[in-house]
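Student: I have a structure open on my screen, and I would like to learn how to read it. Could we go through it together with a few questions?

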Amino acid sequence: MRSLLALVKKNKILISDGAWGTQLHQLGLKGGECPELWNITHRKEVLTVAKGYVDAGADMILTNSFGASPAKLSHWNLNDRAFEINEAAANISREAAGDECLVLGSIGPTGVILMMGKASKEDLYNSFSIQAEALAKGGADAICVETMADIEEATLAIKAAKEKTDCEIICTFTFEKISSGAYKTMMGVSPEGMVSAVKDAGADIIGTNCGNGIEGMIDIVRAIRKIDKETPVLVHANAGKPVFRNGVTTFPETPDVMAGKAPALIEAGANIIGGCCGTTPDHIRAMIAAVKK
Ligand SMILES: [Zn+2]
């Protein structure tokens, strides 16, 4: 297994990949369809997205498994196929990545709010366990628990991945700027509040993803670095806040805009940078060029 931590320790700035969902929509995925079922039904298209980022020069790529926890797949009555779907996701990315590029198995939120009592902690732990095990079996080098808002859910996902696999664990939260100028998740968690909780749960790499664009990510990384100078930080930034017009979603930040801010993001303390919603292989190419300079 390849070690992301070892690569970061070599004092290298690493580049991750960009969006999957928006790329799959361009290849024909319809709104309301289960993106992760495409690992089985549209393997070629999913492989095309993965290869797009490997060809762009990314050091690591994710897997098309963001919503593939059994808890989330139950929306499509696909919960019984979770293992198969996650294993296929990791397999596809492994095939695209080859030996040089790392594969990060993506685990997103379940959509279940624990506070509302719709599921028990044990249910969610078991759901994340199935997903993590399948991703590792399919060839993931690390597990990336991402777009988290709730400490309790993130902790369960990290623990499941840590206990059921040998993979290194990344955990990133999604923050919004609130009126005071501070950053909080939907569930009221601050970047500082995230750090100790996810590290205690066993995360090896921490950070932030999605959000409103790369500028905000610089502030969030600064907030993390104020209280933690050591833990590697990963940032997957959106290409700005999505704009909905005439039924079409666009993202305002071009590859040049994002690449222009990459040095400041690294200066703030990020070790691994890449994109989230709305970013493309061109964004990743531009970031690589900016970092090389
Ligand atoms: Zn996103």
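Student: Is G28 buried or exposed?

Tutor: Keep in mind that this is a predicted model. Around G28 there are 10 other C-beta atoms within 10 Å. A residue counts as exposed if that number is 12 or fewer, so G28 is exposed.

Student: Where is G28 placed?

Tutor: Look at the helices α2 (21-26) and α3 (38-41). G28 has its place between them, in the loop.

Student: How far apart in space are G28 and H42?

Tutor: Along the sequence, 14 residues separate G28 and H42. Going from C-alpha to C-alpha, their separation in space is 9.9 Å.

Student: Thanks! Now the sheet: which are the edge strands?

Tutor: Eight strands make up an open sheet with parallel pairing, in the order β1-β12-β9-β8-β5-β4-β3-β2. An edge strand pairs on one side only. That holds for β1 (14-15) and β2 (60-62).

Student: At about what angle does α6 run to β3?

Tutor: Find α6 where it lies across β2 and β3. Relative to β3, α6 runs at about 155°.

Conventions: Residues are numbered from 1 along each chain as its sequence is written. This is a predicted model: local features need pLDDT of at least 70, side-chain atom pairs count only at pLDDT 80 or more; totals for chains, interfaces and linings use all residues. Helices (H or I, at least four residues) and strands (E, at least two) are DSSP runs, numbered from the N terminus. A residue is buried if 20 or more other C-beta atoms lie within 10 Å of its own, exposed if 12 or fewer, and partly exposed in between; C-beta atoms are placed from the backbone. Two strands pair if DSSP finds at least two bridges between them. Two residues are in contact if their C-beta atoms, placed from the backbone, lie within 7 Å. Axes are lines fitted to C-alpha atoms, for helices over the stretch in contact, and angles run from 0 to 180 degrees between N-to-C directions.
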